[in-house]
Amino acid sequence: MSEAVACPVPPEQRPLEEFEQLSRSWFFSWPAGECPHLRRALLISWLMLLPVSTLVASGSWTLKNDPPRLVAAGAVAALVLPLLLLMRQWLGWTYVMKRLLAETVDYEESGWYDGQIWEKPLSWRERDLLVARYEVRPILGRLGRAMALATGLMLGGASLCQAL
């Protein structure tokens, strides 16, 4: 915010500041960095849930006597946590993308739900558009591919459970 523009929007509610906060966040920075970082975090979350989901699946009479199907069912069920984490990240980054691309900024002045609208100056719109295109769009692309992969693994694993 180098320009001397009288901006009534509180600093923490400005779209560029929201982008920077998300980028610095531990959770939301997973897809912002290198792709192996996102994969490692999702793999760890899947491995953490794998024993629990396999234990729950072992309560089934039909799966108890069929270890390959039991392990496959546990592995498929454990994909729910990485998929939920990806969806939460997708929602956060999509919200920031929408705010960056908007020509106006909705904000709360006093915190008492007195919603105000402020129109961004042209220079701010151009800068926000650049950040949205070259910073946020690649992140959303990575998240979309990861969600597609997790969904494909879930569907493939479920069909494998049926085939066994």
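Here are some worked exercises on helix packing and pockets in this structure.

This is a predicted model, in which local features need pLDDT of at least 70, side-chain atom pairs count only at pLDDT 80 or more, and totals for chains, interfaces and linings use all residues. Residues are numbered from 1 along each chain as its sequence is written, and side-chain values use heavy atoms, with hydrogens and water left out.

**Exercise 1.** Work out how α1 packs on α5, and which residues meet.

*Solution.*
- Step 1: find the helices, which are DSSP runs of H or I with at least four residues, numbered from the N terminus. Helix α1 covers residues 15-24 and helix α5 covers residues 80-101.
- Step 2: get the geometry. Axes are lines fitted to C-alpha atoms over the stretch in contact, with angles from 0 to 180 degrees between N-to-C directions. The two axes come within 9 Å and cross at roughly 155°. That makes α1 roughly antiparallel to α5 (angles over 145 degrees count as such, and those under 35 as roughly parallel).
- Step 3: check the hand. α1 passes α5 in a left-handed crossing, meaning that the near helix is turned anticlockwise from the far one by less than a right angle.
- Step 4: list the contacts (heavy atoms within 4.5 Å). From α1 come P15, L16, E18, F19, L22 and S23, and they meet G92, W93, Y95, V96, R99 and L100 of α5. By class, that contact has eight nonpolar, two polar and two charged residues. Here Ala, Val, Leu, Ile, Met, Phe, Trp, Tyr, Cys and Pro count as nonpolar, Asp, Glu, Lys and Arg as charged, and the others, Gly among them, as polar.

**Exercise 2.** Take α4 and describe how it sits against α5 and against α6.

*Solution.*
- Step 1: start with α5. Helix α4 (residues 67-78) packs on α5 at about 15°, their axes 5 Å apart. The pair is therefore roughly parallel.
- Step 2: look at who touches whom. V76, A77 and A78 in α4 meet V80, L81 and P82 in α5, a contact of six nonpolar, no polar and no charged residues.
- Step 3: turn to α6. Its axis and that of α4 come within 9 Å, crossing at roughly 160°, so these two are roughly antiparallel. The crossing of α4 and α6 is left-handed.
- Step 4: name the partners. R69, A72, A73 and V76 of α4 meet M154, G157, A158 and C161 of α6. That contact splits into six nonpolar, one polar and one charged.

**Exercise 3.** Find the largest pocket and say what lines it.

*Solution.*
- Step 1: size it up. The largest pocket has a volume of about 350 Å³.
- Step 2: look at the lining. It has 15 residues, and R39, L42, A146, L149 and L153 are the closest to the pocket's centre.
- Step 3: trace the lining back to helices. α2 (35-57), α5 and α6 (122-163) each give two or more residues.
- Step 4: sort by class. The lining holds twelve nonpolar, no polar and three charged residues.

The pocket definition behind this: on a 1 Å grid over the protein atoms alone, a pocket is an open set of points where a 1.4 Å probe fits, with protein on both sides within 12 Å along at least five of seven lines, and lining residues have an atom within 4 Å of a point. Volume is the space filled by probe spheres set on the points.

Methods: Parallel < 35°, antiparallel > 145°, perpendicular 65-115°, else oblique.
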